[in-house]
Amino acid sequence: MTKTRKRTRLPRLAALLALAALVGGLYWGRDHLPENWMPASLLPSSAASQAPGAAAKGPPVPVYIAKATTETLTRRSRSVGTLTASDTVTVSPEIAGRIISVSAAQGSQVAKGDMLAELDTSIYRAQVAEADAKIKLWRANAERANNLMAKGAGTPKAVDEAASELGIAEAALNLAQANLAKTRITAPFDGALGLRMVSIGEYMNPGQAIFTLSRINPLYVDFSVPQTELAILKQGTAVTIRTDAFPGEDFTGKILAIDPKLDAASRAVSVRAEIDNMDGRLKPGLFIEVEIDAGIIENAVVVPEQTLVARGDRIFVYALVDGKAELKPVKTGLRQAGKVQIVEGLSVGETIVTDGQMKLRPGADAVVVEP
């Protein structure tokens, strides 16, 4: 029984030793044999393709192309803004009183000097009459004091007091006449009258609104542009505005003023343009689109916008040179619908790739697909 067990253990031990030697040899060979010790014919297809000198050249990449051309471009800047009246005031009385008449021209045009409302004048006429009577009294007293002084019966003090009282009476008369004139509330300039906000018979306090009056010819266009557009802004530059209130129509004007300071938060500058509104169709408060015509660029190198390839913060295009793709860094300028100006990096007439760039690599072969 004991001898049989010893005989069966020997073959198993020998097999384990042989297996250990084989594994050790494989690990030794991994660290000491050269990388190309196995023939390429015995490698898998994927490994054989990665062996030195075995790289295969890919097929040409199909691409669409265009030519870099020259055009005359009009530089424009776009923004949004609001129409405002060139002058706006709140029509209100400067004195207290009961309103006895109101202009029926609410919502329409009025001329400078037109009466818009009138206050009750009875109190102010009485004040004028009182002041006038006091003037007559103190004028007579002044004459009497001067006559007595001339005869040696008067005193200088009496003369001075009479003259002073006469001056006070004259000032009171001027004030009463001014208040009487202010019972007539007139338009300070030509403009469009707003809606009436009071009724006849209402007692008015100083500053209480009766109408709003707006000068709507010309109108102001208030908008802002980013700091990058400061170079194209100057007084007199033409602007075009559009509004959804009149679709398909353009209205023209010019820049009137540029704010000397920028907004600290948005880094934008406020601009005011002026636009004619002879027919009065445009109204203050309209939301509008503004387009600034900032000059013409002649002989600009232009390519389709889809040719641009962005790599980080740089812009490139693929040019075809002798059938091979060449990646060129470029500097862009003015952008318009579907096209972009190339300021540096590309010449007129060069062939550039418009579609297929995603499959291209520098130096790759390319085949042009006819549109």
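Predicted model: local features only at pLDDT ≥ 70, side-chain atom pairs only at ≥ 80, totals over all residues.
Student: Why is N277 called buried?

Tutor: Buried means under 20% relative accessible area. N277 has 2% relative accessibility, so N277 counts as buried. You will find N277 in the loop between β12 (268-275) and β13.

Student: What makes I216 a contact of N277?

Tutor: Contact means heavy atoms within 4.5 Å, so I216 and N277 have heavy atoms within that cut-off. Leaving aside neighbours within four places in sequence, N277 is also in contact with N217, L219 and L282.

Student: How do you know that strand β2 and strand β13 pair?

Tutor: Pairing needs at least two bridges between the strands. Twelve bridges join β2 (residues 69-91) to β13 (residues 287-304), so they count as paired, and they run antiparallel. Look for R76, which stands opposite D293 in β13.

Student: What makes strand β10 a partner of β13?

Tutor: The cut-off is at least two bridges, and β10 (residues 238-242) has four with β13, so these strands pair, in the antiparallel sense. Here V239 has I292 as its bridge partner in β13.

Student: Why do β13 and strand β17 count as paired?

Tutor: They share three bridges, and at least two are needed, so they pair, again in the antiparallel sense. P304 and K339 are bridge partners there.

Student: Which residue in the turn between β15 and β16 has a positive phi?

Tutor: That is D322, with a phi of about 55 degrees. The β15 and β16 hairpin has two residues between its strands, and V321 stands opposite K324 in β16.

Key:
Residues numbered from 1 in each chain as written. Heavy atoms only, no water. Buried < 20%, exposed > 50% of the residue type's maximum accessible area, 1.4 Å probe, protein only.
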